[in-house]
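Take a moment to look at the sequence and the 3D structure. The paragraphs below walk through them step by step.

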Amino acid sequence: MEIRPIFSALMRSKVSMILIGLQVALTLAIVCNALFIIGQRLDTMQRPSGMNEADTFTIHSIGFGEDYDVRSVMNADLALLRGLPGVLAVAPINAMPLSNSGWNSGLSIEPGQRNSTANTAFYFTDDKGIDAYGAELVAGRNFKPEEIGYFTMNDRRPPRVTIMTRALAERMFPDGNAVGGQFYYGDEDNDPATVVGIIEHLQAPWVGSQNIDNVMLLPALLPYGNSSNYLIRAEPGRRDELMKEVESRLAASNSSRILRNLRSMQERRATVYAEDRAMTIILGTVIIALLGITALGIVGMASFWVAQRTRQIGTRRALGATRTDILRYFQTENFIITTLGLIVGGVLAYAFSLWLMNTYQAPRLPWYYVPVGFVCLWLLGQLAVLGPALRASRVPPAVATRSV
Amino acid sequence: MFNYYLQLGLRSLRRNPVLTTLMVLGIALGIGASMTTLTVFHLMGSDPIPWKSDRLHYVQMDNWSEDNPYFDDGRPPDQVTYRDAVALMEAAKADRQAAMYKISMPVQPENPEVKPFLALGRATYSDFFAMFEPRFRYGGPWDRGQDAQHARVVVLNHATNETLFGGEDSVGKSVRMDGVDYTVIGVLGEWNLRFKFYDLTNGAFNAPEEFFMPFTTAIDTKKRASGNNSCWRTPGEGWDAYLDSDCIWIVMWVQLDSAVRRAEYLSFLDSYVGEQKQLGRFPRALNNRLLDVNAWMEDQQVVSRDVEVQVGLAFAFLLVCLINTIGLLLAKFTRRAGEIGLRRALGASRGQMFAQYMIESGVVGLSGGLLGLALTGLGLIAVRSLYAQYATVAQLDWSMVATTIALSIVAAVLAGLYPTWRACRVQPAAQLKM
């Protein structure tokens, strides 16, 4: 296949070549980076929370009035809920994953440290907490019922026994031996607290946090003012009916309170990642539109060239070129233009990635995106030019003899 | 001649419907994408209170621990403590000042048909209303005297007044919240806020407040804030110790009516912090800030990074569409070399040919713009469904409509420059030979 004649023919229509090349270049640069961003968002959204999300839901109760005794209400509620058929576990909680709302604090390995050893979310719950969250206890033990106390925002001494996630335990006790390990809450609290159990994984509430895998369970009920939060885990398949049942039973048992935020964990996941999902959809749409426009541009330009060069094609056919030769000619021409465009595009892709890294602290574009993009766009170009090229190959040799 | 060229342009566009459709569609898609993202970007970033945004300032002081800054880049914390907010309010050194925090209260309606519900509101001082200018439908705000007296009054928003009192004038009526009766002193009219620019740290895009009550009265109820609370050391036991602590949970705005007043207030803040340092507080270096509304919005990145990336991407897409259009226009004009040659031979000057083809590009641009406007409308509907909380900033207003059409025509004309220039260079004689 003679490259020289194709090349010199192309040089005569430099502008059109540049136009297609530029489109291909920009498309490669944008599509590679956009796909990378989509990949990152999908990875973020798919992180497991460590909870059983399919069968769990939460409900929030806020009491009103001067005589509201939140502690007795909580105990009555828990007893009521635990007696309902279809309920696997119920626990009082103050926070949960996928909610962007909760309590976090620093822990120290020595008393009086100026900087914390690790930062963690605090999940106040009772001995049914692990069951309700659906977390997996992998070392040590669960809380004992007698260890469960009460805690309020005005108290200064958090509980002395805790359960940590594996990630937090590794930060606090890098040498191992986390079970039985001691730590300090800091802040003039010079009595140590002890880790009695390790759960495999549970996410902190804030999905954007660096410390999302650091969670500590504390054995206490934490009413916030007059409000209490319950996490209910249903038997598989019974969640939706149980949600309605729980709301009506709690409302019936006590009318001096407001029940709200009856939400399943699945719905919480969808809500908390809504922006990431939206970004993924928007980027995906732009990628498809870009590829479409570029393909149409190639089709349009190639059709135009075929029309311009009908005479030449006819002449070549008359001189002995086969249909395949003509087809190959146009495909090779397209391949050259696309390649030149892709080389520029590759440079643009890395430049764009660098700019994103500097402006938004985004991670670097992995090396394999551009080569894969090359292959895809080569294929796209070849497919796009196939139609006009086939039309060109069907130009009869007799065209050369016509003068009009 | 303009009409003639217009007709010529339209006729030639009609002669080649496929090519025309491709061109118009290409421009429309690019314009639609760009204007959708640009609308959201523009509305999110635009000045929410242009007539006084340079007079309202957000107070920031750095009472944080000397071991770690609050923000990694050294900016002062985004809220202030109770004792500092109250001290600033009592000093009253600004033209107006309002400390505030987000609060939620159960409402116990008298009407037995309305179930008790949790209302989200704001505890603030009376100057809030003069500073941020919500319109009142009935009654008005409480005054500074009532702030001092811890009066049990409440301002309802439009929707809550509908729920509780059927939308009637409820001034003077009583509302029971969390076991205490409050008197309605005012009802707001519709407040078309795009987002709550006065509280960017506690959910600016969340629903607007259902009620407002005096800060001093809310403190009496010992209710903690529903917004963010951060402490660098654990406060003492009990509510009073909490109020006295270095925990930050209060938002503080001041109105300073001139640059001179701003400079005075900043030096007042510096001397206040100096005094507090004498008492052993504020261990970090002096780090007070008074950003105005727009500077604070930028500092808090109201326009999210995602939106910025989307705008950039959409305009890159528009660029690709335009390059596409240049190619198509080039193809189109080159095919008409015969016609061009003929008209030149009949006496048309280069300038007239240029004008004709520019007008033709403009027509493509206008059609692309109109279709692009429809696509922008669709795009904004999609944005509203993807981002529920951005419903208020994903709306077409007249300035955006005008920008869409203008951008489209300019883009098409720019795209047409090179093809037109090429077309005008056609030699009549070469075309007339057969």
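Two strands pair if DSSP finds at least two bridges between them. Helices (H or I, at least four residues) and strands (E, at least two) are DSSP runs, numbered from the N terminus.

This is a predicted model, in which local features need pLDDT of at least 70, side-chain atom pairs count only at pLDDT 80 or more, and totals for chains, interfaces and linings use all residues. Residues are numbered from 1 along each chain as its sequence is written, while chains are lettered from A and ligands numbered from 1 in the order in which they are written. The model scores ipTM 0.87 and pTM 0.89.

Start with strand β1 of chain A, residues 56-63. β1(A) pairs in the antiparallel sense with strand β12 (residues 257-264) of chain A, over six bridges. There, Ser61(A) stands opposite Leu259(A). β1(A) also pairs in the antiparallel sense with strand β11 (residues 227-234) of chain A, over seven bridges. Here the bridge partner of His60(A) is Asn229(A).

Is β1(A) enclosed or open? A residue is buried if 20 or more other C-beta atoms, placed from the backbone, lie within 10 Å of its own, exposed if 12 or fewer, and partly exposed in between. Seven of the eight residues of β1(A) are buried, so the strand is largely enclosed by the rest of the structure.

Now turn to helix α10 of chain A, residues 323-360. Its expected span is 1.5 Å times one less than its number of residues. For 38 residues that should give 56 Å, and the end C-alpha atoms are 53 Å apart, which agrees. Just after α10(A), Gln361(A) takes a positive phi of about 50 degrees.
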